[in-house]
Amino acid sequence: METQLFSERVQIERKQFFFDFKENANGRFLKITEEVGGHRDTIIIPASGLPLFRETIDRVMIANS
């Protein structure tokens, strides 16, 4: 059983991204799903890894500026 804590959809060009923050018996996690042309790929990040994930995205943003 999973509990949905947060959900948001983001459209970027022809891709849709779904950000679902959930909780189950194993803990909290972020599920990121990318959908392109009916095909979906998903990654799951445990809540304990979100600070490191964010730091990495921040470094990518700095490198892109």
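Contact means heavy atoms within 4.5 Å. By this criterion, and leaving aside residues up to four places away in sequence, Asp 20 touches Gln 4, Phe 6, Ser 7, Phe 29, Leu 30 and Lys 31. The model is predicted, so local features need pLDDT of at least 70 and side-chain atom pairs count only at pLDDT 80 or more, while totals for chains, interfaces and linings use all residues. Residues are numbered from 1 along each chain as its sequence is written, and side-chain values use heavy atoms, with hydrogens and water left out.

Asp 20 is found in strand E2 (residues 15-24); strands (E, at least two residues) and helices (H or I, at least four) are DSSP runs numbered from the N terminus. Asp 20 is buried but has no salt bridge, and the nearest side chain of opposite charge, Lys 22, is 5.3 Å away. Buried means under 20% relative accessible area (1.4 Å probe, protein chains only). Lys and Arg count as positive and Asp and Glu as negative, with His and the chain ends not counted; a salt bridge requires a side-chain nitrogen of Lys or Arg within 4 Å of a carboxyl oxygen of Asp or Glu.

The side chain of Asp 20 does make polar contacts, as tabulated. A polar contact is a pair of N or O atoms within 3.5 Å; within protein, one must be able to donate a hydrogen and the other to accept it, and residues adjacent in sequence count only if both atoms are side-chain atoms.

| Side chains joined | Polar contact |
|---|---|
| Asp 20 and Gln 4 | 3.0 Å |
| Asp 20 and Ser 7 | 2.7 Å |

E2 and strand E3 (residues 27-36) pair in the antiparallel sense over nine bridges; pairing requires at least two DSSP bridges between two strands. Phe 29 in E3 is the bridge partner of Lys 22.

Technical notes:
Buried means under 20% relative accessible area, exposed over 50%, partly exposed in between (1.4 Å probe, protein chains only).
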